[in-house]
Amino acid sequence: IGPIHIKAKKGEVAERVIIAGDPARVEQVASMLSDVRLVNRNRGLLVYTGKYKDVPVSVAMHGVGHPSSMLVVEELIMLGAKIIIRFGTCGAMVKGLRIGDIVIPTAAAYHPGGAFYQYLRDNVCMACAPNFEVLKTLVEETIKANVNYVVGPIVSSDAFYAEDPEFVKRWTSRGIVAVEMECAGLFMLGAMRNIKTGALLMVSDSLVEELGFASAEELKGYVDRAAKIVLESILR
Ligand code: GMP
């Protein structure tokens, strides 16, 4: 079966795709491309395709959580995506990170069940990790940009409002540096479908310090800076 939700045609999605959960961020990144056009708006799953430094790049919205983001990733792959980088946000779980700082995941833990059980069936835990070349490039470009950053394992949560102090205690005791809701599924599909994946996350809040929760509006300035890192990385 072809893509059911993203109604773009084959050829309208670039091999290089940046994905994000927030439509405002998708539009902001799309505005950094030349010759951009909207190739899907069905279900609000915005997909823009344009060029960055003359190379075709698409920017797509994946919504919140695994059921939405994994469906989008599957359909982007059906439409020809070969490298997908998530440009997201996360809650910091180590001290010393500020709003707009960067977390680059080396791996993503997840809560078994749900989408993971449906894909895996066996009673196993998948090794959910980004492609090493993509990871290395993201780290190198982040260092060049002179931004405060952390590289380490994160957890992809399925229940935003279940993240209580007990959740934080358990995951920090396992060495996890941040929480978000989509990377594990992206990394698993990358491995299963044989495409390259990676992620660069901006800190929007902290579960271990009082930073508040930055709105899309407050993140805007940081998005420009971080989007450049992601765009430079996806070209390499
Ligand atoms: O606000 C939820 C959305 O932002 C999801 O798409 C997450 O990937 C991301 N996010 C940013 N900060 C957090 C956080 O503290 N907890 C969770 N679960 N998701 C977060």
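Two strands count as paired if DSSP finds at least two bridges between them. Strand S6 (residues 102-110) and strand S9 (residues 196-206) pair in the antiparallel sense over 2 bridges.

Look for Ala109, which stands opposite Val155 in S7. As a general point, side chains in a regular strand alternate between the two faces of the sheet.

How far can the model be trusted? It is a predicted model. The mean pLDDT of the protein chain is 97. Residues at 70 or more make up 100% of the chain. Among the elements, strand S1 (residues 16-20) has the highest mean pLDDT, 99. Helix H7 has the lowest, 95.

Now turn to the helices. Two packed helices are described by the angle and the distance between their axes. Helix H1 (residues 23-30) meets helix H7 (residues 216-235), their axes coming within 10 Å. The axes cross at roughly 50 degrees. Angles under 35 degrees would count as roughly parallel, and 65 to 115 as roughly perpendicular. H1 and H7 are therefore oblique to each other. Their crossing is right-handed.

Which residues make the contact? H1 supplies Arg25, Gln28 and Val29. H7 supplies Lys220, Val223, Asp224 and Ala227. By class, the contact residues of H1 and H7 comprise 3 nonpolar, 1 polar and 3 charged.

Terms used
Residues are numbered from 1 along each chain as its sequence is written. This is a predicted model: local features need pLDDT of at least 70, side-chain atom pairs count only at pLDDT 80 or more; totals for chains, interfaces and linings use all residues. Side-chain values use heavy atoms; hydrogens and water are left out. Axes are lines fitted to C-alpha atoms, for helices over the stretch in contact, and angles run from 0 to 180 degrees between N-to-C directions. Helices (H or I, at least four residues) and strands (E, at least two) are DSSP runs, numbered from the N terminus. Angles under 35 degrees count as roughly parallel, over 145 as roughly antiparallel, 65 to 115 as roughly perpendicular and the rest as oblique. A crossing is left-handed if the near helix is turned anticlockwise from the far one by less than a right angle, and right-handed if clockwise. Contact means heavy atoms within 4.5 Å. Ala, Val, Leu, Ile, Met, Phe, Trp, Tyr, Cys and Pro count as nonpolar, Asp, Glu, Lys and Arg as charged, and the others, Gly among them, as polar. pLDDT is the predictor's confidence in each residue, from 0 to 100.
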